[in-house]
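Here is a short report on a few residues of one protein. Have the sequence and the 3D view ready as you read.

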Amino acid sequence: MDTVELFNTFAEWHAEYGDIVHSRVLNQDVIILGKQPLACDLLEKRSQIYSDRPFIATLKPFGLDFDFAFTPYGDHWRLCRRIFHQTFRDDNVVTFRPMQLRRARQLVVNMLDQPDQYAFHYATFSAAIALSAVYDYEPSPRSDPIVQTVDKFHEVCMSGTTPGKAVLLGLFPFLLQIPDWFPGSSLKREAKRSREWASKLIETPYQYVQKRMAVNPTFSMVSDHITRMQQYDEPYRGKYETALKHASATAVIGSTGTTSAVLLVFTLAMVQNPHVWKRAQAEIDALTGMDRLPELDDRPSLPYIEAVLRETLRWQPVAPVAAPHATTQSDVYNGAVIYPNTWAMSRDEVRYTNAKKFIPERFLTAEGTLTNDDPAEFIFGFGRRICPGRSTADASIWIAIVTMLATLNFSLAKDADGNDITVDPKYFNGTTRHPEPFPCDITYRSHINKTTLERSLTN
């Protein structure tokens, strides 16, 4: 098995054995599902027994056990999910739109000030949206301490919780007990650093809300639930506070990890396919002219932008193997771990001809309207474990993409002799998969006035 890029191994198995593959890894039954209808049949239609999570050896040592996306199916998960849903349900997330729009415009201002730091700006944009919604915290455009905490936790934890390291730690748990000076102790030291950053990620913004509430009334997901839980008696109040901290930190780490990863994929696609962003700009200009920037209300009138978003999600899925499900009782395989193979679904040549190529037009009819095929139906997971923040993430990604397309050009970088530097992307493989930052040339479009753009942030 390729323990770094499991989806490659799974793709080979699907090609040889079919759409449902059974394997046995370390005495654990593993089922890999290569088609969306199969995943829907099991993980959605039988969600009452397919919604658990398997044991992952790296979660607790690396401090990622707060993330309720990986929490076993049970009372704590239900409470976290309920707290999360009350803020991020579909009828409530529309209140985030002005903030998302402002953050998207701040993003393009930051990118032009420091274009080579675009990956960090994507992380800041993604974290800022979650921090605003969850803690009513407005990060500084650059070098914000809480954003830096999120970034440091990502840096340490995401590289430490790869499937390969989970298998290694599952086989040799004593690696966490050996002295720091002993050969092979790097995993233990890495886990310790990750736990320290996880603690800061959970506690620092939570304490920020508590201090603000002691001085002035404030409204956010956290402040609302802090007020609500005062009516509960111990020990339930303690359980509620733990669930609130976990749900809040999950929102931030989930948003930062996935949204910024999608924007990195988008940037790679634009640099490699300039005809795409030129057509997208033509569609935007035809709607908005040169007098204003697009807003979320323009979304139904921009089908090609929607097709670009769908293709970005499909082309390089940031979770090529979705988080594994586990059964809670016998079905076909007792206690099996079930992997929805998102990569295989995105590479289905019957559904997506020339699947390796970035072709937004595959999601448009001959008349230029959108088809009914939306990769979000499998990108965001399945059943009771589907991403609860998907509506917010979808809107954040769309407004970031359309704002960048309206204001920026994406080109290959030049070497010292003026020749194009061909992009040969390398990918980071952790909890999410995304291109590592690569050299490129990001510039303002000729009619875009930076001063006017900055002024729009204060309106």
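F172 is partly exposed, because its relative accessibility is 36%. Partly exposed sits between buried (under 20% relative accessible area) and exposed (over 50%), using a 1.4 Å probe and protein chains only. F172 is in the loop between α8 (163-171) and α9 (186-215). Helices here are DSSP runs of H or I with at least four residues, numbered from the N terminus.

## How the model is read

This is a predicted model: local features need pLDDT of at least 70, side-chain atom pairs need 80 or more, and totals for chains, interfaces and linings use all residues. Residues are numbered from 1 along each chain as its sequence is written, and side-chain values use heavy atoms, without hydrogens or water.

## D113 in helix α5

D113 lies in helix α5 (residues 97-113). D113 counts as partly exposed because its relative accessible area is 34%.

Beyond neighbours within four places in sequence, D113 contacts R142 and K450. Contact means heavy atoms within 4.5 Å. Y135 is 22 residues from D113 along the chain, and their C-alpha atoms are 28 Å apart.

## C387

An unreviewed UniProt entry annotates C387 as "binding site". Such annotations may be inferred rather than shown by experiment. C387 is in the loop between α15 (376-379) and α16 (390-407). C387 is partly exposed, because its relative accessibility is 29%.

Key
Helices (H or I, at least four residues) and strands (E, at least two) are DSSP runs, numbered from the N terminus.
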